[in-house]
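Hi,

Here is the structure I promised to pass on to you. Please open it first, and then read my notes beside it.

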Amino acid sequence: MINENWREWFQPWILERGKDYWKNGYVTRLCRDLDTITAIVQGTEDYEVEIDMDGDEVMAVSCTCPYA
């Protein structure tokens, strides 16, 4: 189970918007290797997302979107 402390890094409305993007199929090219999750999110333009993991703990999140 992934530690969810990372949720504190974002405003609640941004988290909701992210869920909507996922539900509507705007998250593509989702990949996970041992330490990293990457994806493309289709919004106003295509945004690159990278999540660095240490086991089940999210260590860092980066995105080319305006809210990262």
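Below are my notes on the helix, the sheet and the aromatic pairs.

A word on the basis: this is a predicted model, where local features need pLDDT of at least 70, side-chain atom pairs count only at pLDDT 80 or more, and totals for chains, interfaces and linings use all residues. Residues are numbered from 1 along each chain as its sequence is written, and side-chain values use heavy atoms, with hydrogens and water left out.

Let's start with the helix. Helices (H or I, at least four residues) and strands (E, at least two) are DSSP runs, numbered from the N terminus. Helix α1 covers residues 12–23, which is twelve residues. From its first C-alpha to its last, α1 reaches 17 Å, close to the 16 Å expected at 1.5 Å a residue; the expected span is 1.5 Å times one less than the number of residues. After α1 comes G25, with a positive phi near 80 degrees.

Next, the sheet. Four strands make an open sheet in the order β1-β2-β3-β4, with antiparallel pairing; two strands pair if DSSP finds at least two bridges between them. At the edges are β1 (27–32) and β4 (57–63), each of which pairs on one side only. Inside the order, strand β2 (residues 36–42) is joined to strand β3 (residues 46–54) by seven bridges, and the two run antiparallel. In this pairing, T38 stands opposite E50 in β3.

Most residues other than glycine have a negative phi. R29 counts as exposed because its relative accessibility is 61% (buried means under 20% relative accessible area, exposed over 50%, partly exposed in between, with a 1.4 Å probe and protein chains only).

Finally, the aromatic rings. Rings of Phe, Tyr and Trp (its six-membered ring) pair if their centres lie within 6.5 Å; planes under 30 degrees apart count as stacked, over 60 as edge-to-face and the rest as tilted. By this rule there are two aromatic pairs. W6 and F10 form an edge-to-face pair, 6.3 Å centre to centre with 75 degrees between the planes. W6 is partly exposed at 22% relative accessibility, and F10 is partly exposed at 22%. Y21 and Y26 also pair edge-to-face, at 5.5 Å centre to centre and 70 degrees between the planes. Y21 is partly exposed at 23%, and Y26 is partly exposed at 37%.

Happy exploring!
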